[in-house]
Amino acid sequence: MSELTLEPGTSTPGRHASDDVVLRVSDLAVRYAAGRGAAVTAVRGVSFDVRRGEVFGVVGESGSGKSSICNALMRMLPNSARVEATGVEFGGRDLLSLTDKQMRGIRGTEIALVPQRPMTSLSPTTPVGQQLRWYFGDSIDDSDVRDSLARIGLHSVLGRLDNLPSRFSGGQLQRLLIAIATLTNRPSLLLADEPTTTLDATVQAQVLKLLLGIRDTLGLSIVYVSHDLGVIAQICDRVGVMYGGRLVEVATTSDLFHRPQHPYTKALLGAMPARWTPERGRLSTLRGTAAGANRATGCPFAPRCALADARCTEEMPAVLGDRTSMVRCHRVEEAT
Ligand SMILES: Nc1ncnc2c1ncn2[C@@H]1O[C@H](COP(=O)(O)OP(=O)(O)OP(=O)(O)O)[C@@H](O)[C@H]1O
């Protein structure tokens, strides 16, 4: 491992993406049984591929089903959840058909998860180094791993592994968790569910650079979940846009930003502060709310879409394109 030179910030997104498919998700659905609230179908009909070396983004507003997808892939959903799919293929196996024991052998080794809030993912009363050894074994003490961590600017953290988590910043812990999760086991897939949500902009940029540096060095694939299109633009090669539990558009990052097709994608882009200029006047906002978007009939976005007609509320649009690049919209010609 000593040949590793992680140089954050030097990657070119897409440079390593090949046609090899590492993860193929086909027709995924996640349903939560009624508990205190009503039953909810959080995800339905979701299909996408992730290629080797690719960062695939999943973007959408709160409640659109992003975390349910990640947790379904990791088989880490509560007992109230039911997952169905035509297939969730990873490394020649269907993840949904594996036994719990087989899945435990994949989690953390072949597929790693980056937590949303590093501080609350760790016990506050146990030194960080001890907790890392629980998860990753004694390999965190390998001199090669420590050399690599030092090279990516984590020397100061390495000298303090006997400290409690509260003595570190959220950014330091997040970078440490990402680096150790990827360097010790060399997973081929990393699931990152809003890993920079709790970090300020400069630390967020450091974490994104670290992820890209690791992707470039190890050639692993990343599924990156975020509600923030600005973050998605910085790190992803391709993006799937979720609305009401459905993927409504999949495109390369460049196409999504320059030639958005779905009215929801266009609305999201119009509401991005980073794209605002004084000439544009006020940032646009999306009318209405996403309440009730997870319904079974029609386009989930129809109640908020300025272009929607009767067909949109009655009939779910078919996929136009394929799983690598697609849109689901009856009015796509008017929208583009
Ligand atoms: N354990 C659960 N029991 C019941 N419903 C759930 C559960 N987890 C999620 N849901 C519901 O499933 C839908 C999708 O939630 P999910 O967390 O997957 O969305 P999300 O896009 O990741 O949102 P956020 O960005 O807020 O995390 C929501 O309506 C949510 O209330």
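The model is predicted. Begin by selecting residues 23-269, the span that an unreviewed UniProt entry annotates as "domain: ABC transporter". This span is 39% helix and 26% strand, and its end C-alpha atoms are 28 Å apart.

Next, select the ligand. Around the ligand are 14 residues, of which Tyr32, Ala42, Ser62, Ser67 and Ser68 are the closest. By class, this shell consists of 9 polar, 4 nonpolar and 1 charged residues. Colour β2 (40-51) and α1 (66-74): each supplies at least two residues of the shell. The most comes from α1, with 3 residues.

Proceed to the largest nonpolar core, which has 86 residues. Among the members that touch the most others are Leu28, Ile180, Leu191 and Val223. Helix α7 (residues 170-185) gives the most to this core, namely 8 residues. Now centre the view on Leu191. Beyond its neighbours within four places in sequence, Leu191 is in contact with Cys70, Leu73, Met74, Ile111, Leu113 and Val223.

Finally, select helix α5 (residues 143-151). Which residues of α5 are buried? They are Val145, Ser148 and Leu149. Look down the axis of α5: the buried residues line one face of the helix, because they fall within an arc of 100°. In an α-helix, residues three or four places apart point the same way, because there are 3.6 residues a turn. The buried residues of α5 pack against α6 (155-158) and α7. After α5 comes Gly153, with a positive phi near 85°.

Terms used: Residues are numbered from 1 along each chain as its sequence is written. This is a predicted model: local features need pLDDT of at least 70, side-chain atom pairs count only at pLDDT 80 or more; totals for chains, interfaces and linings use all residues. UniProt positions are given in the numbering used here, feature names are shortened, and annotations may be inferred rather than shown by experiment. Helices (H or I, at least four residues) and strands (E, at least two) are DSSP runs, numbered from the N terminus. A residue is near a molecule or strand if its C-beta atom, placed from the backbone, lies within 6 Å of it. Ala, Val, Leu, Ile, Met, Phe, Trp, Tyr, Cys and Pro count as nonpolar, Asp, Glu, Lys and Arg as charged, and the others, Gly among them, as polar. A nonpolar core is a set of buried Ala, Val, Leu, Ile, Met, Phe, Trp, Tyr and Cys residues joined through C-beta atoms within 7 Å. A residue is buried if 20 or more other C-beta atoms lie within 10 Å of its own, exposed if 12 or fewer, and partly exposed in between; C-beta atoms are placed from the backbone. Two residues are in contact if their C-beta atoms, placed from the backbone, lie within 7 Å. The arc is that of the directions from the helix axis to the C-beta atoms.
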